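Here are some notes from a pass through the model, point by point. Have the viewer open while you read.

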Amino acid sequence: MKRQMTGLLGALALTGVLALGGCSQETAGAAPYPAEPGETISVSHLDHIDAVLQSEVDEGLRAGFVAAVMTRDGVVYKKAFGKAGPVDDVPMTTDTRFRIASMTKPIVSVAVMQLVDRGVIRLNDPVSRFIPAYADPQVVTDQNRNEDGEFDTRPASREITIHDLLTHQAGVGYVFANTSDLDKAYLDANLLVTEGTLEERIDRIAALPLYNDPGTVWSYSFSVDILGRVIEAASGMGLEAYLKENIFDPLGMNATEFFIDESDFEGVAVVAEFNEAGEMYRSDAAGLSSPVNDQAFGVASGGAGLVSNIDDYSRFMRMLLNGGALDGARILAPATVRLMMQDHTKLEARPAPWGEGMTFGLGGYVMLKPGYMGSYAAKGEWGWGGYWDTHFFVNVEDNVGAVLMAQTQPGPHMPPSRAEDIVKAVAYSALRK
């Protein structure tokens, strides 16, 4: 029987995607490794990653990791550390699959841009062209219900566009807030746990009013889930079928899918959680989704839900580093990749902590002035993360990318990790040209 693996939404820390990383105690005194003749990246320098990932496993901060660093020419670092779960002694391997949660969003955004390349969709098309339920968007004047139990609303200043959805500027809500009545309405309509087809679930989201006028405020949302339905309506294919035919098969991403056989569960990492004593256990969290390690959403969601592994996601990233093509398969036009990695969010629309340092492009964050963020990064970096502790970035200009995968349920007792920061810092510092 086919089931969809649980994969929830990714939460981006609005204070920035990184803090400055450093070397671990074991490697702090080591001299930089020289590049071999002709190297664009020092492969031996990347061994500095090993110590921090192994130390976090040894200290019980994470059950295990898989990490990879790549250039457009190939993967230059790929290693696994620790175990695939907190209970059984199953080793983490480079073949282990992960619930990548919101790292689904960049893939679905690429699929939308394919349809733009093919003239099927325009960025300024109204969403109502593909989803009629969005024909008359309303904006709340008060996020709490009136005496009649209804929301007071006014007509939106304009319709929502495809561009608004790609940039999380559609005014749509999500499931990470639970303060106002409107927050609770979006949580109750959570398409990741409700029943029906993707079309039916998106129509329930569309029946809710917007928080803001389209194009005015960046707010993490169900936007890319809605784009999943746009892909279905525009292409005439189910979302997973479209992704398989147009992205996964051409790129050789054979381990990436929404629905897998239960017999495959053994190859998927177990989501770990921490109790008050700081001990890891097999998570049964089910607040925003079905029980994370046991049940499925039952729907292919544009914003979450994919299962993948380090090799597959590395191929997706190398396609972007190569300007939209890999091994003879053209996924996007070079100009389209450049467009996705440009600034699409005005300063006044960005969350305050981003300021001038970081913005949002099409499907991922973009670093503008990384020095303002207090992080190790470089201008033009584009990437995103997943709710269950997966992270990636690519930088086309510098010809480098890195991906780090673990499986951890966020919560009040989850210990902080330095792993993402240090993997990124070492990947950049290994560059030689």
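**Notes on the model**

1. Start with T96, which sits in the loop between β3 (74–82) and β4 (97–99); helices here are DSSP runs of H or I with at least four residues, strands are runs of E with at least two, and both are numbered from the N terminus. This is a predicted model, in which local features need pLDDT of at least 70 and side-chain atom pairs count only at pLDDT 80 or more, while totals for chains, interfaces and linings use all residues. Residues are numbered from 1 along each chain as its sequence is written, and side-chain values use heavy atoms, with hydrogens and water left out.

2. Is T96 buried or exposed? T96 has 7% relative accessibility, so it counts as buried (buried is under 20% relative accessible area, exposed is over 50%, partly exposed is in between, with a 1.4 Å probe and protein chains only). Leaving out residues up to four places away in sequence, T96 touches A84, P91, G267, V268, A269, S308 and N309, where contact means heavy atoms within 4.5 Å. The T96 side chain also reaches the backbone nitrogen of T93 at 3.0 Å. As for P351, it is 255 residues from T96 in sequence and 35 Å away in space, C-alpha to C-alpha.

3. Next, S283, in the loop between β9 (280–282) and β10 (307–309). S283 is buried because its relative accessibility is 1%. What does its side chain do? The side chain of S283 makes a polar contact of 2.7 Å with the side chain of E273. A polar contact here is a pair of N or O atoms within 3.5 Å; within protein, one must be able to donate a hydrogen and the other to accept it, and residues adjacent in sequence count only if both atoms are side-chain atoms. Beyond four places in sequence, the residues touching S283 are V271, A272, E273, V292, N293 and Q409.

4. T359 belongs to strand β13 (residues 358–360). With a relative accessible area of 0%, T359 is buried. Its side chain has a polar contact of 2.6 Å with the side chain of D343, and a polar atom of the T359 side chain lies 3.3 Å from the backbone oxygen of T345. Both D343 and T345 turn up again in the T359 contact list, along with H344, R350, W354, Y365, V366 and L368, not counting residues up to four places away in sequence.

5. On to helix packing. The axes of α2 (residues 104–117) and α8 (residues 310–321) come within 12 Å and cross at roughly 45°; axes are lines fitted to C-alpha atoms, for helices over the stretch in contact, and angles run from 0 to 180 degrees between N-to-C directions. The pair is therefore oblique (under 35 degrees is roughly parallel, over 145 roughly antiparallel, 65 to 115 roughly perpendicular, and the rest oblique). Which residues of α2 and α8 make the contact? P106, I107 and V110 come from α2, and Y313, F316, M319 and L320 from α8. By class, that is seven nonpolar, no polar and no charged residues, counting Ala, Val, Leu, Ile, Met, Phe, Trp, Tyr, Cys and Pro as nonpolar, Asp, Glu, Lys and Arg as charged, and the others, Gly among them, as polar.

6. Now look at α5 (residues 198–206) and α6 (residues 223–235), which pack at about 135° with axes 10 Å apart. These two are therefore oblique to each other. L198, E199 and I202 of α5 meet D225, I226, G228, R229 and E232 of α6. The contact has three nonpolar, one polar and four charged residues.

7. Two backbone points to check. Most residues other than glycine have a negative phi. A101, in the loop between β4 and α2, has a positive phi near 50°, and at 0% relative accessibility A101 counts as buried. H168 lies in the loop between α3 and α4 and is not a glycine, yet its phi is positive at about 55°. H168 counts as buried too, at 2% relative accessibility.

8. Last, N178, in the loop between α3 (162–166) and α4 (181–188). N178 is partly exposed, at 48% relative accessible area. Its contacts are D183, K184 and L187, not counting residues up to four places away in sequence. N178 and T197 are 19 residues apart in sequence and 25 Å apart in space, C-alpha to C-alpha.
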